[in-house]
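Dear colleague,

I am passing on the structure we spoke about, and my notes on it follow below. Please read them with the model open beside you.

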Amino acid sequence: MFKSIFGRRRKEWIEKVKVEDLEKEKLHIDNQIQLLSKEIQRLERQKKELFRQGIGKSEVEKMLLAEKIKDVDAEIRMKIKEYNSLMKQRRALSNLIRLKKWENKLKEKGIWDKIRSIEPEKLVKMLTEVEFKEETFEKNIDKINEILSSEFATIEMDESTREIMEMWERVEKAELSPEAVEEKLEVKLSPKEEKEEYEEEKA
């Protein structure tokens with residue numbers, strides 16, 4: 001995505017790029033995120049329906065359905081990975097737009113030259129990790145300086161056929177309701193990812 005923004009003038013890219021172009025790219029990413037979100041919801045419904053089909057069925061039929069559930073679950077995880085990647089790109093764009101709007105003030109503070117000296121890919125990576133909480137420039141000088149360093153990691157979780165089989169058994173013994181299991185089957189974002197999504201929506 002950002003290669004088209006860098007262009008051939010890599011050393012001058014941040015000077016040349018226009019806020020309007022960044023906002024257009026951000027809108028394009030928003031549309032992609034919405035489509036992905038709808039697709040994830042559709043797959044979640046499909047997974048729940050497969051689980052319901054297994055209630056009261058033979059073990060052989062359940063094993064086949066369990067494999068189908070795992071296939072759908074794997075597809076959901078791939079979609080969520082793509083979703084998270086787009087959310088990071090969106091955050092980088094939002095922060096880059098803010099920096100461009102603050103360009104003159106950053107030059108006055110002597111910070112702009114530091115930003116210009118950073119390799120484009122490295123700057124974008126940093127902009128995915130910093131979080132501006134206020135719109136005003138003065139309240140974000142420290143945050144802007146933070147883009148020079150900070151890295152975070154994310155982890156993923158997965159499910160097994162055994163867990164799905166156990167959930168069927170508990171539903172059939174009336175230990176769990178189908179609705180409770182459906183909630184357990186949902187692939188949820190981590191608290192950090194939920195917070196990032198919320199902050200992005202506010203930005």
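At what angle do helix 3 and helix 4 pack, and how far apart are their axes? In this model, which is a predicted one, helix 3, made of residues 19-54, packs against helix 4, made of residues 59-101, at an angle of about 160°, and their axes lie 9 Å apart. Since angles over 145 degrees count as roughly antiparallel, helix 3 is therefore roughly antiparallel to helix 4. The crossing of these two helices is left-handed, and the residues of the contact between helix 3 and helix 4 comprise 20 nonpolar, 6 polar and 16 charged ones.

The protein has 203 residues, of which 40% count as buried. Among the contacts with a separation of 6 or more, 79% are accounted for by residues 24 or more positions apart.

One further helix deserves a look, namely helix 7, which spans residues 120-127. Which of the residues of helix 7 are buried? They are P120, L123, V124, M126 and L127, and because they cover an arc of only 160° around the axis, they sit on the same side of helix 7. In general, an α-helix has 3.6 residues a turn, so residues three or four places apart point the same way.

Technical notes: Residues numbered from 1 in each chain as written. Predicted model: local features only at pLDDT ≥ 70, side-chain atom pairs only at ≥ 80, totals over all residues. Heavy atoms only, no water. Axes fitted to C-alpha atoms, helices over the stretch in contact; angles between N-to-C directions. Helix = DSSP H or I, 4+ residues; strand = E, 2+ residues; numbered from the N terminus. Parallel < 35°, antiparallel > 145°, perpendicular 65-115°, else oblique. Left-handed = near helix turned anticlockwise from the far one by under 90°. Nonpolar A, V, L, I, M, F, W, Y, C, P; charged D, E, K, R; others polar. Buried < 20%, exposed > 50% of the residue type's maximum accessible area, 1.4 Å probe, protein only. Arc of directions from axis to C-beta. Contact = heavy atoms within 4.5 Å.
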